[in-house]
Amino acid sequence: VGFGGPYRQFFTDVSRELCGASPALFSICPNGQAKLGENRSSVLPVPSLCSKEMLDMYEFVGVLFGCCIRTGTRMTLDLPSLFWKPLVGQRVTLADLEKVDKGFVDQLRFVESLDEEMFESSFSDNFCVTRSDGSRCELVPGGDTVAVTFDNRGEYVRLATWHRLHEFREQLAAVRRGMTRVMPPQLLKLFTWKELRHLVCGSPEIDLDLLQRHTVYAKGVDERTP
């Protein structure tokens, strides 16, 4: 297909299947689902896919990532900083989460901003959190029956934030294992998350000037054609 050849086309096809097969290993982020905030085209690992079979699949994704680094080919996946930072040992923050789930971060800030009277009348939830794939998870044992009150709201916000920042840590660990089957693990620490993203998925932005310089026009079409 085109000038890329079958090897590069394989990685393109696999990237498409990772987001469209059943079960898909990557799903569109909450910002994309809600048409809210930044990075609406970004995809995330599915935190509820944690069986041995599924983690083996994520590990093989890591092997493919390692092949990209070794051979210079690219996966066509739009993965955010929340995915790349743990792979290179960088700390994830609330800002990383906001880039893929602004609604959730706004809700946490809303809870923290309420006075006691407003809290009692406008917020009602238990110690559970909805993850990026829509599944619910308890923040504490029996959290589904533990109500969030004005007094314990700080603990709720802390636990909910930590869980959402690390909700696919098992999947990331599997991806990292796969990568280190192809490349030395020490190498990952030499990259920033943006450098690793570039090596595996290329630049998320299209350089139009570069594209124009390498464009060959077909008969009857030139650079002035609308």
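## The loop between α2 and β2

N39 is found in the loop that runs between α2 and β2. In this predicted model, the phi angle of N39 is near 50 degrees, a positive value in a residue that is not glycine.

K35 has a relative accessible area of 58% and is exposed, since the exposed class begins over 50%. As background, most residues other than glycine have a negative phi.

## A cis peptide bond

Another backbone feature concerns S22 and P23: the peptide bond from S22 to P23 is cis, with omega near 0 degrees. P23 is placed in the loop between α1 and β1 (26-28). In general, most peptide bonds are trans.

## Overall architecture

The protein chain has twelve helices and four strands. Its C-alpha atoms fill a box of roughly 70 × 45 × 35 Å, taken along the principal axes. Of the 226 residues in the chain, 40% are buried.

The chain exposes about 13000 Å², and carbon and sulfur atoms supply 55% of this area. Among contacts between residues at least 6 apart in sequence, 64% join residues at least 24 apart.

## The largest nonpolar core

In soluble globular proteins, nonpolar side chains tend to be buried together. Here, the largest nonpolar core has 59 residues, and those with the most contacts inside it are F65, M75, W84 and L196. Several elements each supply at least two residues of this core: α1 (5-20), β2 (43-45), α3 (52-71), α4 (81-87), α6 (102-113), α8 (153-165), α9 (169-179) and α11 (193-201). The largest share, eight residues, comes from α3.

Which residues does W84 touch, not counting residues up to four places away in sequence? On that basis, W84 touches F65, L79, W193, L196, R197, V200 and C201. Two of these partners, F65 and L196, are also listed with W84 among the residues with the most contacts inside the core.

## Aromatic pairs

The count of aromatic pairs comes to eleven. F10 and F11 form an edge-to-face pair, with 5.4 Å centre to centre and 85 degrees between the planes. The F119 and F123 pair is tilted, with 5.4 Å centre to centre and 40 degrees between the planes. Both F119 and F123 are buried.

Ring pairs also link F26, Y58, F65, F83 and W84 into a cluster. Of these, F65 and W84 are among the residues with the most contacts inside the largest nonpolar core.

## Arginines over ring faces

Two arginines are placed over aromatic rings. R153 lies over the face of F150, at 3.9 Å from the ring centre. R164 lies over the face of F104, at 4.7 Å from the ring centre.

Definitions and conventions: Residues are numbered from 1 along each chain as its sequence is written. This is a predicted model: local features need pLDDT of at least 70, side-chain atom pairs count only at pLDDT 80 or more; totals for chains, interfaces and linings use all residues. Side-chain values use heavy atoms; hydrogens and water are left out. A nonpolar core is a set of buried Ala, Val, Leu, Ile, Met, Phe, Trp, Tyr and Cys residues joined through side-chain atoms within 4.5 Å. Buried means under 20% relative accessible area, exposed over 50%, partly exposed in between (1.4 Å probe, protein chains only). Contact means heavy atoms within 4.5 Å. Rings of Phe, Tyr and Trp (its six-membered ring) pair if their centres lie within 6.5 Å; planes under 30 degrees apart count as stacked, over 60 as edge-to-face and the rest as tilted. A charge sits over a ring if NZ of Lys or CZ of Arg is within 6 Å of the ring centre and within 35 degrees of the ring normal. Accessible areas come from the Shrake-Rupley method with a 1.4 Å probe; for residues, only the protein chains shown count as cover.
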